[in-house]
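The report is meant to be read beside the sequence and the structure.

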Amino acid sequence: EKGLWQDSKGRRIFCFSLPPLPAVALTFNNIGITNNISMVNLPFPPLTQPDLLATVADQFCNSSSKPARCLPDRACFCTHRLQVALNDVVEMSLIDDADQIRELYHPFHLHGHRFIVMGQGQVPPGTRRQVDKFAWLKAQAPRRGGMPDSHNPPYKDTVSIPSRGYTRVRFRADNPGFWLVHCHFEWHLGIGMSFILQVGDVDQMKKPPPGFPTCGHYRPDAESILGMV
């Protein structure tokens with residue numbers, strides 16, 4: 001995974017680039033991406049209908065595994081999924097990579113878990129390439145192993161990413177499931193600025209109760225809609 005490494009303590013470290021308006025344009029639209037991937041939602045909720053995952057296996061992607069149709073340095077449209085083992089200590093660095101938008105602070109939200117903020121600030125001026133930003137964050141002061149136990153930091157599930165800066169968070173992935181991580185500007189979420197964090201294997205996740213409702217795509221009848229205009 002691009003922007004992923006393990007440190008000497010065995011922790012999984014992720015870096016994400018979060019440009020709200022990447023250098024890709026569609027007619028009358030903007031695209032939200034993380035690590036050059038624009039999220040395509042699944043046609044069902046994977047947490048309660050995991051039996052359907054095999055039907056969309058080729059839709060999942062990450063920075064190191066993309067569909068052949070995706071071109072380098074262009075937005076890729078697929079279901080962005082990152083996988084971690086149950087009870088991993090995970091550290092994420094979230095970077096605002098958009099130079100063309102000033103003073104826009106993305107509020108990022110993690111479902112299913114709470115985290116502590118390990119660091120926040122600005123990337124050095126002139127550091128423009130994603131790979132250089134990732135390398136700069138990796139080279140910062142050595143990180144303390146595991147979760148803190150000698151003090152009581154505040155826990156959060158939403159945090160702002162400074163404009164043209166970064167925020168680093170850490171949490172223990174102790175809640176198995178498929179959890180959305182996304183910008184809380186609703187239109188950024190709607191245009192693809194999100195990804196799925198899969199914690200653990202499917203057989204480690206809680207099963208939905210018997211008779212729990214299932215759902216899929218809602219496809220309204222076009223003729224009935226046109227008839228209402």
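Predicted model: local features only at pLDDT ≥ 70, side-chain atom pairs only at ≥ 80, totals over all residues.

Residues are numbered from 1 along each chain as its sequence is written, and side-chain values use heavy atoms, with hydrogens and water left out.

A disulfide is a covalent bond between the sulfur atoms of two cysteines; here the term is applied to a pair of cysteine sulfur atoms within 2.5 Å. The structure holds two disulfides, and, when the bonded cysteines of the protein are numbered in sequence order, their pairing is 1-4, 2-3.

| Disulfide | S to S distance |
|---|---|
| Cys61 and Cys78 | 1.9 Å |
| Cys70 and Cys76 | 1.9 Å |

The link of Cys61 and Cys78 is right-handed, with 85 degrees about the S-S bond. This pair links distant parts of the chain, 17 residues apart, with Cys61 in strand S4 (residues 60-61) and Cys78 in strand S5 (residues 76-84); helices (H or I, at least four residues) and strands (E, at least two) are DSSP runs, numbered from the N terminus. For Cys70 and Cys76 the torsion about the S-S bond is about 55 degrees, so this disulfide is right-handed.

Cys61 and Cys78 are both buried, Cys70 is buried at 16%, and Cys76 is buried at 1%. Cys183 is buried, with a relative accessible area of 0%, whereas Cys215 is partly exposed, with 47%.

A nonpolar core is a set of buried Ala, Val, Leu, Ile, Met, Phe, Trp, Tyr and Cys residues joined through side-chain atoms within 4.5 Å. In the largest nonpolar core, which has 20 residues, Met92, Phe108, Phe171 and Leu197 touch the most other members. The elements that give two or more residues to this core include S5, strand S6 (89-95), strand S7 (106-110) and strand S12 (194-199). Another core, of nine residues, lies apart from it, and Met39, Phe44, Phe178 and Ile196 are among its members.

Pro213 lies in the loop between S12 and helix H3 (222-228), and it counts as exposed, at 59% relative accessibility. The C-alpha atoms of Pro213 and Thr48 are separated by 8.9 Å, although these residues are 165 residues apart along the chain.

Key: Buried < 20%, exposed > 50% of the residue type's maximum accessible area, 1.4 Å probe, protein only.
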